[in-house]
Amino acid sequence: MSSDQAVPSPPPTDGSVSNSKSAAKKEAKRLEKEAKLAAKTAKVTANTNAGEKKAKAEKEKKQAETPFVNTTPPGEKKDLSQPMASGYNPIAVESAWYDWWQAQGFFKPQTLSDGKPKPEGLFYIPFPPPNVTGSLHIGHALTVAIHDSLTRWNRMLGKTTLFVPGFDHAGISTQSIVEKRLYKSSGKTRHDLGREKFLETVLEWKDDYQNRITRQLHRLGASADWDRAAFTMNPTLSRAVIETFCRLHEDGVLYRANRLVNWCVKLNTTLSNLEVDQKQLTGRTFLSVPGYDLKEKFEFGVLTSFAYPIEGSDEKIIIATTRPETMLGDTAIAVHPDDPRYTHLHGKFAVHPFVDRRIPIVTDSIIVDMEFGTGAVKITPAHDGNDYEVGIRHNLPFINILNDDGTLNSNAGERFKGMKRFHAREAVVTALKEAGLFVDTKDNPMQIPICSKSGDIIEPVLKPQWWVNCKPLAEEAIKRTRAGELTISPKTSEAEWYRWLENIQDWCISRQLWWGHRCPAYFVRIEGQEQDTTDGKHWVVGRTIEEATERAKVLAAGVDFTLEQDPDVLDTWFSSGLWPFSILGWPDKTPDLKTFYPATILETGWDILFFWVARMVLFGIKLTGQMPFKEVYCHAMIRDAHGRKMSKSLGNVIDPIDVIQGVDLESLHQKLYEGNLDEKEITKAKAGQKKDFPKGIPECGSDALRFALCAYSSGGRDINLEILRVEGYRKFCNKIFNATKFAMLKLDQDFVPSTALKPSGNESLVEKWILDRLNVAADEVSKQLMERNFLMATNAVHNFWLYELCDVYIEAMKPMTDGSAPIATKKSAQQTLYTCLDYGLRLLHPFMPFVTEELWQRLPRIPNDTTPSIMVSRYPVFDKDFVFEDAVKEFNLTFSVVKTGRSLAVSYSLQSDIQLFIQVQSDQEAKLFESQAPTIVTLIKGCKSVKVVKDINDVPAGCGSGILTPTVVIHVLVRGLIDFDVEIAKCEKKLDLARLNLEKIRKVESQPDYEETVPENVRLINADKRITLEAEIATLEVSKEMFEKLE
């Protein structure tokens, strides 16, 4: 494999790699179990080792007491002329590199001289813009880890890469937070400041938190092009929003209508259906509601029945409702046309007991189920979605009884006017009882709509708003997705995608806020005319006030008029839906738009698949004629170690910077006061922090955090984040650091890397094995990244470094580089080590950019190699010249000897002067093991000698034995070191088990028609098992007999 191309990835110990999906799933499950076990082990070890190794702890404490200070001037390259530090310090290692990368322009897309993408390909990924409501949390860190890993990988593959960062103004959330802070600090509301002054206050907040987020993204290593950083309300993107609004209106897709909306009293704005959660109640439930006294609780989950008097008679008609206060807005009672109980009431009226209103009794077979309840249904068209449709069908009055602040208006009658809605609920029930009209209440399992942002109970109310007709847009999106223009993974998200688009509803885009893009729509008030502001025919839209005025002149037909701009702003998702192309300069046909659009991939959380991804697709197709991206990858939702959703009130929200640099418990507590939690919530959050982080969060570094988050990403829906696992990857960084430091000692001052980019073919067995493992690792990482399986990709490179390079090759090469080794052997071993370090660091770089840059910069350079940074070096890819299949098989057999020898040493408690005997049957095996004896001695700690024999009589008496294959047995000398009675008992126990298993195999093989009915591969497996068991029994019998003679 060449440095011009790159390297491969490490397989199982037998050298085989399974690419099947089932194997991948099994491997993912195995790795998950390993991770959980590792976390538990870490806890146990931490407790067990408490108080031990005091001297070492004191030394580490002294080192920790001297914090690292970065002395590298911003933008300059770090000085690495001094020797490597005694230990890995993530803060020191990760310092200075980001500023240097940025100063060198490494984050910018590299194109050909004519501005076109490089022939290797193009990779464009837009970063999901975080809200400027606060700092990034650990979920954002996952997004960064995945985005940046993909970007760095593609950049190292030689592609033209563009990673665009940005920020979202987050209308509702940002305005809500700033309003709370404003009132908390000054006792003022936004209305006290006025619109202009309030927006200045929000901009100050935005600038502060945009800078905070930017610093966090730097610390996380996001290799984004900061010269292209975007904000959803900057002039370019605001122009795109206005253009979209006007174009959709001109095409008839965007319209104004007085329809039912989801009204949040707490936030005083409308919400889309996607911003409303449904809370399931099993029956009668008392809940607190925002805006009321905390001690007040209101009844939900009950069905209240009451009677309406029939006009002109003593008869009453009984109806039931879960919202008694809405009866003040009733304008009809519906019955089924075929219900004989009410035939005599068709066309008659009921009398409203509290307001001066006649209520018609209408027949409707759609809304009424004769078998449910009394078969009579109250109709409140202005406050219920189903009733709204009835109102349309029967041309009923739409009477709104609710003010924007949640109090009842004059339409509710003098008795209830001015009451808060849930106080009115109680008052209406009381009034019904007083009037003798109350019947009863019953438990009623139901769902209630909750604002996902404020927790308030949503009210359906009539509002004149701007709407987008999504149906035709969705139909085109479905058609193109099915045609293969867009792939969505994991597949569960794809199924949801189709389901949602097929059932899409019109989208209300008006928001009653000040912070956001103000609607470019104007009411044309024509002098001398009575006009309804809810009617869209009196409105014009315009990209500029001049365009709106010209359109108004046509509408007014020569009559004087004034223009009144809609005070509402647009839903945040309206501007976010333009993100992939607006950040490239659309609606202008910019070079960026021509070069990079559409995006290669859109990576985000599955929870905003419909909020954001779907709207980008709808707008992208409508406005640009193309899918805005070719692929959507939905990552998991991060939860805490207990599986709970991250929540400030639980105290489990984690700032990635706290994981990177560590934080004590008290500092975690103090951060709670920076938010909008009340004292009760802070107390609860503190308790949660104390339970989860009793000693705070340890310093892990950005590399460990990024690697852990990628290692968690296997396509599942949720990630239960264990900080101990992140700390485990910090230890992995330490292993890499120390291994490289040790390896550098082996690359003495005279070592010069070879300019030859291929193996010579004269490498030793272990060298060929490690180069093959490197090749397999590179191949595996690339395959898994292509499939977006970050767990398997990180596992491949982790295994190579830890279990193959560090545990095997670096140990095995020690005798090859000592003073007595031949020069040629030494140089070959050094070159192989260099190749593994160089390519191994490159393999790891997309996931761990900082430590890999630090270590790669310390490696010797190949003559005439001017590559300035690992991030612009070539990524290792599969190279057939690095394939050594025969060598891998031979070394795997050799390493099996090592593992068996280690196992025997452990079972007999041997730690030094270990004498190993390898009994073989063939000359080929003898030759192999004799040539590898030095490697075997090196890899078995405490091993004194290895001798290969063909005759059992050449094995000294007093050996413990283990069978490796039917033809290879490993013996270790234990005479004088063990209790023979104990060993005889062990032999007998093993013999019993082996004979039992052998009997089972023979029983299967002796079945009638065995040769004809059992598949050949199964018969071969059984035969192999039988031969192995027979050899094992023979070995155990010899061992037992030998121990009995020595006893």
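Two strands count as paired if DSSP finds at least two bridges between them. The exercises below apply this to a predicted model.

**Exercise 1.** Find the bridge partner of Ile-914 in strand 31, and state in which sense strand 30 and strand 31 pair.

*Solution.* 
Step 1. Strand 30 covers residues 914-919, and the residue in strand 31 that bridges to Ile-914 is Cys-943.
Step 2. Six bridges link strand 30 and strand 31, and the sense is parallel.
Step 3. These strands belong to an open sheet of four strands, ordered 31-30-33-32, with mixed pairing. Its edges are strand 31 (943-949) and strand 32 (959-965), each of which pairs on one side only. From one strand to the next, the twist averages 20°.

**Exercise 2.** Determine which strands helix 28 and helix 29 lie across.

*Solution.* 
Step 1. Helix 28 (residues 885-907) lies across strand 30, strand 32 and strand 33 (968-973). Its direction makes an angle of about 150° with strand 32.
Step 2. Helix 29 (residues 923-931) lies across strand 30, strand 31 and strand 33. Relative to strand 31, helix 29 runs at about 160°.

**Exercise 3.** Explain why one side of strand 11 and of strand 16 is left without a neighbour in the sheet.

*Solution.* 
Step 1. The open sheet has three strands in the order 11-10-16, with antiparallel pairing.
Step 2. Strand 11 (316-321) and strand 16 (438-443) are at the edges and have a single partner strand each, so one side of each lacks a neighbour in the sheet.
Step 3. Strand 10 (residues 302-309) is joined to strand 11 by six bridges. Phe-306 lies opposite Ile-319 of strand 11.

**Exercise 4.** Describe how helix 23 and helix 25 cross.

*Solution.* 
Step 1. Two packed helices are described by the angle and the distance between their axes.
Step 2. For helix 23 (residues 723-746) and helix 25 (residues 790-812), the axes come within 11 Å and cross at roughly 40°.
Step 3. Angles under 35 degrees would count as roughly parallel; helix 23 and helix 25 are therefore oblique to each other. Their crossing is left-handed.
Step 4. Residues of helix 23 in the contact include Tyr-729, Phe-732 and Phe-742, and those of helix 25 include His-798, Trp-801 and Ile-810.

Definitions and conventions: Residues are numbered from 1 along each chain as its sequence is written. This is a predicted model: local features need pLDDT of at least 70, side-chain atom pairs count only at pLDDT 80 or more; totals for chains, interfaces and linings use all residues. Side-chain values use heavy atoms; hydrogens and water are left out. Helices (H or I, at least four residues) and strands (E, at least two) are DSSP runs, numbered from the N terminus. Axes are lines fitted to C-alpha atoms, for helices over the stretch in contact, and angles run from 0 to 180 degrees between N-to-C directions. Angles under 35 degrees count as roughly parallel, over 145 as roughly antiparallel, 65 to 115 as roughly perpendicular and the rest as oblique. A crossing is left-handed if the near helix is turned anticlockwise from the far one by less than a right angle, and right-handed if clockwise. Contact means heavy atoms within 4.5 Å.
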